[in-house]
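Subject: Structure handover

Hello,

Here is the structure for you to look at. My notes on what turned up follow below it.

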Amino acid sequence: MTAASSSREAETNTAAGRRDVFHYALRRFGVYLFTLWAAITVAFFVFRLVPGDPMNILLGNLTRAEGRQRDKAAEEALIAHYRQIFGMDEPLPLQYVNYLRKAVLGGLDLGPSFVEYPAQTKDLVFRRMPWTIGIFTTSVLLAWILGTGLGALIGWLQRSRLSKLAVLLSTLLQITPVYLVALGLIIYVGYSWRLLPAGGPYARHLQPAWTWEFISSLLTHAILPMLSNIIVIGAGFTLGMRALMISVLGEDYLTFARAKGLSPYTVLKDYAFRNALIPQVTALAIIVGATLNGTFIIEVLFQLPGLGTLFVQAMGLRDFNTMQAVVLFSIFAVLTLTLIVDLALPLLDPRVRRAA
Amino acid sequence: MPALLEIRGLSAGLRGRRAVTEVVSHVDLDVQAGEILGVVGESGCGKSTLATAIMRLLVPPQVLQSGALTLRLNDGKTFELLKLSESELRELRWRHLSYIPQGSMNSLNPVLRVGRQMMDTLLQHGLSSDEAYKRSVEALELVNLERKLLDSYPHELSGGMRQRVIIAAAVSMRPALIVADELTTALDVVTQRQILQELAAIRDELGATILLITHDMGVVAQVADRVAVMYAGKIAELGTVNGIFEAPLHPYSQGLIGSIPRGGGQRVEGLPGEAPSPWNYPSGCRFHPRCPQAFSPCQEQAPALLPQAAERWTACHLYDAEVAADA
C-alpha cells in the first residue's frame, strides 16, 4: 500500500519524527538520572534516622561471642575504631558526600557490610540480585501478558456472563494481599497436597551446576513464588485492561470502525486493543515500582536467597550499608525497568512522538 | 419511482430497568435516490437515534423496537436492513451504505495513519491494495485534500481536515446512501460552508443520496432538497426546502424558521419552553404544551402525518379537516 505513497514530504516527516523521538528519549533519560540521585539521597538520610546504633549491636554480638567481661574503656576504643573504618566518625554531610563520591567514582563502592565485614555490600547484593530480578521480572511480565490478554477479552465481551464472573474473581484476587496468596499456596499446594516444593531455591541435596537435574529443581521451586505474584498482579492488570477496553469501546472511532464494515477481529485488534494498550503499558511502569516489596515478602516466605531476605537480615542488625545497598539496587532496577517501558511508548502512540 | 430507502414504522428506544422508553416513534420516511434529505430538530428529538438505527449501530441500552428498513439499489437489488445478519451487514456497509458520525473529531483511530484507516475498509471489501490506494486518493481529491495526508496521523490534522477525511472515507466506495449525522457541528462557519459545498458536489459527481441529520436550519437551507422536521421522536412536517421555508404549516416548523437570525435589526423569535425528554413525552400531540395554536383535541389525540399539498406532509390537527370540524 506504500507503493506510490512515498513523497519527499513523507520523508522529511519521518526525519522530524525521529528527531522528536530522540529528544523524548534524551529528556526521559535526564529524568531517570535525577530520580536516581534523589532516591540515593533520601535512602542515605532515612537509614541514619532509624533509632539504634549499629556499633552497639555489633559490639554486643562481639562480646557475647567472645564471652569476656565488658570493659568500658576498651569498648569505647573499639567503637571509635569501627566508626573510623566505616567512615562514621565524620559529620553527616561529609559522610554523604563521601558516599556519593565512592558510589559514582569508585565503581559502585557502597562500603563494607557492618556485619559481614570486610565483605563489600556490593558483592552481597550482586550475589542475591539474580534471584530477585529473575522472580520479579518474569512474574510481572507474565502477569502483564496474561492480564492484558484476559482483560482485553472480558472487556470486549463485557456483557457475557462469563465475563462478569471473571471480573468478580479478579476483584477478589486483586484485593487479597500477596502474602496471603503465598501462604495459601505454601500450605495447600506445598504441604497438604505436596504437588510442588514450597521452600528454598532448589532441592537441598543439589549443588548449582549446569545439569538438567539442578535446572529442573530450580524451575519447580520457582513456580509457587512466581505464581503468588502472578495471581495478585495479574488480577490487577486484568481489571485495568478490562476498564480500558470498555472505555475505548465507547469511543467514536469504534462506532466508525463498525460502521465501515470491518471484521470484528480487525476492530478488536487495530482499533480497540491498540488504543487500550497504551495506558496499559504505562500501568506496567507504575506497577513495577509498587510490586517489588511484594516480591521481597515472597522471598522471605519461600526462603529464597534474594534481596528481600538480605534486607530483612540487615534490618535486624542495623546494617545500614547493606540496607542502603539493597534499596539502591532495587531503586535502580525499578527505575531502569520503568525507563525501558517509557521508551517503548513512542512505538505505540504516535502522539507521544510529537509531544517532545 | 420507488424510494432508495424506505423507512416504515421505525421505533427505537432506551431499555430501562422496567420498560423501554421510546425515543423515535413510528417514523415513516422515504429517501429518494439522488436527493439530499435534511432531518432537522432540536437536541434530543431522536434524530441521531434515527440515524444510528438506520445504520444498525444501536448499542445497548438503545434498542430497536419495530419497523422495517428497505434499501433498493438502482441495479434492482433490495435489502431488508433490519433482517440482515451481522456478516451480511458488514458486506453492505461502506459498499452501499456509509455513515458520517456525529463527533467526527474523534472518529479516527489515533494510532493508525489516515491511509491505513481509509484502506483497511477497502481491502476488507475485496479491493486490491493498488485499487484501494487509488480510490482513497480519488476520494481525498473530492474533498480537496492532498494525497500526502494518507501518511499523517489524525492528531496532525485540523478539525476541518479530519471532517474531510471522514467524508472522503465515507464516499470512497461510492455508496448509494450516506447517512451524515451533524456533519458540520464542530466547525467554524467558513469551513462549514466549504464542506457543505463539497458535499453537494459529491452528490452531483457520484450520484449519491445523502440523509443529512442536523439541528441547524441554515445547513438544511444551504444544501438539502427536502427536509423532514422532527419533534419529540416524530416527524412533524415533511416537504421541499423551498416549500417549508416559504410557507411552514406546522407551528413547530414556523417556530424553527422564525428563530433563524435574518439580520436587518429584526429580533429573533425563539420558541418558548424546551423540548420534552423521551421519559415524559406529552400525551396527544407532543408539541401541544409549547404550541401557540393548540386547541382541545391536541391534548388527547396524536395527529397523523397527512398530505397537505404536493410534496408536503404535516402532522397537525390544524390541517386535519375532520378533527377541526369536531372541535
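Ala168(B) touches Met118(B), Ala139(B), Leu140(B), Leu142(B), Val143(B) and Leu145(B), leaving aside residues up to four places away in sequence. Contact here means C-beta atoms, placed from the backbone, within 7 Å.

This is a predicted model: local features need pLDDT of at least 70, side-chain atom pairs count only at pLDDT 80 or more, and totals for chains, interfaces and linings use all residues. Residues are numbered from 1 along each chain as its sequence is written, while chains are lettered from A and ligands numbered from 1 in the order in which they are written.

Ala168(B) also sits in the largest nonpolar core, which has 137 residues. It is among the residues with the most contacts inside that core, along with Ala272(A), Leu177(B), Leu211(B) and Leu212(B). A nonpolar core is a set of buried Ala, Val, Leu, Ile, Met, Phe, Trp, Tyr and Cys residues joined through C-beta atoms within 7 Å. Buried means 20 or more other C-beta atoms within 10 Å of the residue's own, with C-beta atoms placed from the backbone.

Helix α8 (residues 212-249) of chain A gives this core its largest share, 16 residues. Helices are DSSP runs of H or I, at least four residues, numbered from the N terminus. A second, separate core has 17 residues, including Leu307(A), Phe311(A), Met323(A) and Phe329(A).

On chain B as a whole: 44% of its 327 residues count as buried. Its C-alpha atoms fill a box of roughly 70 × 50 × 40 Å along the principal axes. Of its contacts with a separation of 6 or more, 64% join residues 24 or more positions apart.

Best wishes

Methods
Buried ≥ 20, exposed ≤ 12 C-beta atoms within 10 Å, placed from the backbone. Contact = placed C-beta atoms within 7 Å. Helix = DSSP H or I, 4+ residues; strand = E, 2+ residues; numbered from the N terminus.
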